[in-house]
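Have the coordinates open as you read.

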Amino acid sequence: MAPKNQYLTKLKNYDINLYEYFMRGMEIVTRLSEKMYEAYIVGGAVRDYLLNEPFKDIDIATTATPKEILEIFPDADGRFSELGCVELKENGRTYQITTFREENLVITRKTKDIHYSKKLTDDVLRRDYTINALALTTNYNVVDIIKGQKDLRKRIIRVIGKGKKRFREDPLRVYRGFELVSRYNFKIEFKTANAMKASRKYLADVSENKKTEALVKILNGKYARNAILEMADLDLFRYDAVYKKWLLLIGYKYKKTTITEKFAALYYMYGSIPQNTCFDRNTINGYEQIIQIAQMLEEHPIDAVMVYKYGAPLLMSANQVLVTVKRKYKNQAKLIKKLDDGLVIRNRKELKFTPEELIQMMDGKTGTKVTEIMDILVNKVINREIANSNALIRQEVLRLLAMDNSINNPQKEEAEEPKIVDNTVETESTAELEKLKNMYMDEFKQLYNIYMRGVEGYDTMDHNEQIDISNRVKEKVKQSLVTNNAKYNVLVERGIIW
């Protein structure tokens, strides 16, 4: 166990702000003591003081009532006075100052009654684990009423009192036990583990916000995999099949997935992200994007355009989600890297042709047509159908504009079309038919891509909906090409198309 000077020196060198936070906590305890109230720093900060580890929060326990605390610290926040707690906020740091209490009469975190106490022993006995029930005096002496230091030396997590009763009072205590496993690689004492196992059903009472908040803390620990495997071993989520399977999957492939990928995998398995998680909107948007791409990867092979559009990192994350949750899915990480390494351009600015040049070639016309053609050009360059050369791209633009003009103004093509006799084209040469068919297929592909880009929410549809939409678009494209281009009638009549 670290002596005072050693701990404070290490803390000061590690993080001066944390050092000042700790020292201000000791000043608050001293101020309360000077006012003739018994006061201590308690909980995790004392545990970390003894372990010579950086702490997270300063909690102070005292005989002073909330009213008396507010008289000493008038700038403190007394909104939680009914719970016996006052919060003092200074320079972005929060100090929770709580009046000694006897064991609360609570059922699933809903406090029925609070009884203040003048004894530190009463306050200690209501806490969760022995190693969290230590108190530090103004002289840096540790008050250890229930042998918490012994468990700390043995690296044991032991619940205070009867485990099942403690966990029923507050099911979050179960998660806090695994936070300690994740952070320190401590072992859960046998009876405590059995009590956790017997209390699994109470976890359903924990809100989604508190549950995800606890899981984030567990997954961020240095020994998170050990905590996850122990949670799985206790079958902690026996009453939630998705969470149960998820624990096993991420435990097995823990090092291969980021925390973001772990939660994305969970919500991919659920099919949606529950309401009221602890995550902000940006984080949720990130999960949703990975999930949508993962759903797409299940149905469509990865190509260069996808790598360009979504970026390799997102595709890698979506791919890893599928590798984690889908046994039959084939890992495409190497293909994603290969396509990413081979990308001709990574953004539209790298295209050696600008929208302004296109508008000039279109005689000043603007609108959606500019976007459509620029998209086609980008895709052609990415797929290496044309080189990223200004001259070659301009040639392609001329071809696209000519083709578009032919579709919208078929009468202008009459002089160049084969002669029509009784609605048939006098074309006998196989070579000419093949040339006509290739022309049709090129126009079909271009129009199909344009129409499909206009379909909103396509990537989020299920597979059957996507097939139905695709077939309807194909039909629309065929009708448009044949109706506006009489030269293609011969392909229909000879059964080459349709």
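Start in the loop between α11 (224–233) and α12 (241–252), where you will find Asp235. Keep in mind that this is a predicted model. Asp235 is not a glycine, yet its phi is positive, at about 50°. Another residue that is not a glycine but has a positive phi is Met36, with a value of about 75°. Met36 sits in the loop between α2 and β1 (39–42). Is Met36 buried or exposed? Its relative accessibility is 73%, and because exposed means over 50%, Met36 counts as exposed.

Here are the two residues side by side:

| Residue | Phi | Loop |
|---|---|---|
| Met36 | about 75° | between α2 and β1 (39–42) |
| Asp235 | about 50° | between α11 (224–233) and α12 (241–252) |

Next comes a helix pair. Helix α16 (residues 312–325) and helix α17 (residues 333–341) have axes that come within 10 Å and cross at roughly 170°. That angle makes α16 roughly antiparallel to α17, because angles over 145 degrees count as such. Which residues meet here? From α16 come Ala312, Leu315, Met316 and Asn319, and they meet Ala333, Ile336, Lys337 and Asp340 of α17. Sorted by class, this contact between α16 and α17 has five nonpolar residues, one polar residue and two charged residues.

Finally, look inside. The largest nonpolar core has 126 residues, and Phe22, Phe178 and Leu377 are those with the most contacts inside it. Leaving aside residues up to four places away in sequence, Phe178 touches Ile188, Met196, Ile218, Ala227, Glu230, Met231, Leu234 and Leu236. There is also a second, separate core of 15 residues, and among its members are Leu447, Ile469, Val473 and Leu481.

Conventions:
Residues are numbered from 1 along each chain as its sequence is written. This is a predicted model: local features need pLDDT of at least 70, side-chain atom pairs count only at pLDDT 80 or more; totals for chains, interfaces and linings use all residues. Side-chain values use heavy atoms; hydrogens and water are left out. Axes are lines fitted to C-alpha atoms, for helices over the stretch in contact, and angles run from 0 to 180 degrees between N-to-C directions. Helices (H or I, at least four residues) and strands (E, at least two) are DSSP runs, numbered from the N terminus. Angles under 35 degrees count as roughly parallel, over 145 as roughly antiparallel, 65 to 115 as roughly perpendicular and the rest as oblique. Contact means heavy atoms within 4.5 Å. Ala, Val, Leu, Ile, Met, Phe, Trp, Tyr, Cys and Pro count as nonpolar, Asp, Glu, Lys and Arg as charged, and the others, Gly among them, as polar. A nonpolar core is a set of buried Ala, Val, Leu, Ile, Met, Phe, Trp, Tyr and Cys residues joined through side-chain atoms within 4.5 Å. Buried means under 20% relative accessible area, exposed over 50%, partly exposed in between (1.4 Å probe, protein chains only).
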